[in-house]
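Biologist: Could you walk me through this model? I'd like to start with the packing inside and then move on to whatever else you think is worth a look.

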Amino acid sequence: MLRLPNKPIKTLLVSALLISAPLLATSTYAMTPEQRGLEISIEAKKRDIGWKDTETEMKMILRNKQGQESLREIRLKSLEQDDDGDKSLTVFDKPRDVKGTAFLSFSHIQEADDQWLYLPALKRVKRISSRNKSGPFMGSEFAFEDLTSFEVEKYNYKYLKDETINGLDAYVVEQYPTDKNSGYTRRVVWLDKEHYRVQKVDFYDRKNSLLKTLSFEEYNQYLGQYWRSHRSTMTNHQTGKSTTLVYSGYQFGVGLKDSDFNKNSLKRAR
Amino acid sequence: MSASFLKCSALIGSALLASPALMAGEAVDFEFSGKVGYEARAFFNDALHAGQPGNSNSSVFVEPEFYWQWNNGDDSLTFVPYLRADEHDSRRSHADIRELAWIHVGDDWELRTGIRKVFWGVTEFQHLVDVINQTDSVEDTDGEDKLGQQMVNLSLVRDWGILDFYLMPGFRERTFAGTEGRLRGSLVVDTDNVSYESSAEENHLDTAIRWSHTVGDFDMGLYWFHGTNRDPVLTESGSNLLIHYEQMDQFGLDVQATIEDWLWKFETIYRDSTSDSYVALQGGFEYTFIGVMETAMDVGILLEYGWDSRGETNTVSAQDDLYLGARLTLNDAQSTEFLAGIGQDLDHSSYSLFVEASRRFGANWKVSLDARIFDTDESIDALYAVRKDDMMQLTVERYF
């Protein structure tokens with residue numbers, strides 16, 4: 001519903017990181033792999049600030065080991081917050097038995113997110129625990145934490161190497177989640193050097209074995225700045241299952257406001 | 001359905017169809033969805049009361065939803081009729097308008113006009129503070145099925161919370177099982193003989209005001225309801241029960257604290273009517289173990305306690321009762337779920353037990369299997385009349 005005033009410490013931290021980034025860039029030769037990894041991540045975040053609000057449709061195609069598919073259709077609205085994580089509203093269209101179910105989330109950079117679920121059959125809004133980061137989202141190979149917005153403070157970093165991926169020069173950076181409820185010990189991320197777009201992520205489980213790989217395709221640029229992948233596939237190496245996300249109808253600057261993200265809007269979201 | 005309810009529905013329908021936006025032929029989005037279902041019940045014991053049928057019952061139901069929106073989504077109209085046909089109980093065969101409402105959204109306000117369903121509360125085993133809609137009690141024993149309520153609801157969004165005002169012209173009578181229905185008391189409720197405390201009878205204008213807000217980990221709501229008590233006073237007359245609806249004032253509070261994996265829940269009401277004034281409360285917690293035993297499964301544990309100042313009477317469902325539940329969610333592609341719960345009366349040996357399992361099949365089918373067990377030796381307990389109605393229920397739903 002209504003967000004409490006944000007702690008100023010967080011604002012300062014983000015600003016400090018953003019301001020210091022260009023300074024660090026001038027002295028790359030002196031940096032440790034940790035500093036280099038942080039610098040790359042700050043630059044990636046910086047390039048994705050200022051988009052204000054978006055609306056999009058998403059198809060989620062779940063595939064089991066035998067190749068059988070099942071489909072979910074979801075609509076997403078997001079509103080950027082200046083000094084905090086984003087606000088988002090997710091509405092489910094398919095499968096039809098969950099049609100009208102909606103999910104409201106106020107993500108925060110360091111403290112736990114605030115999340116509410118609307119159950120249309122009972123007309124009930126339920127505040128839910130946001131501790132469930134590692135659980136699967138709608139039976140897919142995506143965990144809840146894989147679908148939340150990227151915030152610099154959520155990880156510690158280490159630059160590994162440069163590598164070519166999808167025909168692009170890329171940085172390879174290792175990310176260590178700071179949240180103890182994360183299902184991962186680390187993520188290895190490939191970011192192309194030109195636009196800092198994530199090309200691929202390897203996820204390592206709590207036992208540090210390779211669990212999943214997420215590959216991004218079909219990047220389009222919006223408002224001359226913001227890159228969005230229209231197709232991404234998460235493959236689970238341990239179960240042989242995979243999930244593909246197909247985005248369509250991206251809209252930026254639709255004029256969403258804070259008042260589009262409260263319990264009233266959650267109840268009539270569709 | 002009462003004449004006033006039908007009249008109200010017709011009025012809302014015609015007013016909406018004549019609304020300027022629709023007349024002007026602006027872009028209107030239309031969506032049709034809904035479900036049909038088949039339900040089979042098997043009772044473990046022979047019926048206890050005269051007139052009740054054998055040990056099986058079939059039933060079909062349909063609930064389509066018609067939805068229009070225009071004005072860029074700032075105006076919408078929802079129409080949800082409901083129909084059930086039951087093999088044995090002619091009263092369980094019934095129709096209702098669950099929703100027929102126009103919602104207009106302003107910048108920091110909403111006006112919702114028509115027949116609607118409104119849910120208040122946070123607890124799982126009993127819904128004390130949920131007071132707006134009448135219970136459609138022929139549907140199920142859990143009291144979660146509701147009849148549509150005609151209303152005008154203005155909702156204001158402020159920094160200090162959401163404030164809702166309700167005007168409810170007209171009252172819906174509770175549905176009751178007929179002679180041929182299982183899961184009823186020994187006496188049949190005479191639904192043709194209804195009396196009211198108010199001289200306006202079922203046309204009394206009920207009002208409610210509710211404030212709700214989120215502060216950090218706490219979600220809370222506080223309200224005052226003034227109008228016809230949804231719970232009737234039933235009095236014995238020969239082999240029937242007569243229905244009397246009183247006026248009441250009710251104050252309610254619900255709070256949920258969401259702290260890490262814990263959901264702490266509390267509801268309380270104070271109800272004041274001519275025949276009674278009392279306090280009741282329900283409180284407890286829900287705790288979820290995420291990803292148990294290195295799997296994707298979640299296990300939730302629920303514990304609640306219910307108390308009522310009236311003590312032991314057969315109209316009170318929880319005067320000193322403990323509820324324990326467990327929820328198993330597989331988090332698989334078919335959304336397989338299990339829920340089991342037990343309600344134990346702490347004052348004597350009486351309990352009710354339920355197990356619910358559900359799973360999606362293909363893209364559009366859902367199958368649920370429920371079991372309900374009631375056990376008591378105490379004739380004063382509310383469960384005494386249904387002690388022979390233990391049952392299994394299979395529900396197959398097709399969504400469209």
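Biologist: How many residues does the largest nonpolar core have?
Modeller: In this predicted model, the largest nonpolar core has 21 residues, and those with the most contacts inside it are Tyr171(A), Val173(A), Val189(A) and Leu191(A).

Biologist: And which strand of chain A gives the most to this core?
Modeller: That is strand 8 of chain A, with 4 residues, although helix 2 (33-46) and strand 7 (155-165) of chain A are among the elements that each supply at least two residues.

Biologist: What does Leu191(A) touch?
Modeller: Leaving out residues up to four places away in sequence, Leu191(A) touches a set of residues including Ile40(A), Ala44(A), Tyr171(A), Val173(A) and Val198(A).

Biologist: Switching to chain B, where does Phe171(B) lie?
Modeller: Phe171(B) lies in the loop between strand 7 (161-169) and strand 8 (188-196) of chain B.

Biologist: Buried or exposed, and why?
Modeller: Phe171(B) counts as buried because it has 26 C-beta neighbours inside 10 Å, and the cut-off for buried is 20 or more. Among the residues that Phe171(B) touches is His204(B), which is 33 residues away in sequence but 7.2 Å away in space, C-alpha to C-alpha.

Biologist: What about the open sheet in chain B, what order does it have?
Modeller: The open sheet of 3 strands has the order 8-12-11, with mixed pairing, and its edge strands are strand 8 and strand 11 (233-237) of chain B. Strand 11 and strand 12 (residues 240-245) of chain B pair in the antiparallel sense over 5 bridges, and Leu234(B) stands opposite Ile243(B) in strand 12 of chain B.

Conventions:
Residues numbered from 1 in each chain as written. Chains lettered and ligands numbered in written order. Predicted model: local features only at pLDDT ≥ 70, side-chain atom pairs only at ≥ 80, totals over all residues. Core = buried A, V, L, I, M, F, W, Y, C linked by C-beta atoms within 7 Å. Buried ≥ 20, exposed ≤ 12 C-beta atoms within 10 Å, placed from the backbone. Contact = placed C-beta atoms within 7 Å. Pairing = 2+ DSSP bridges.
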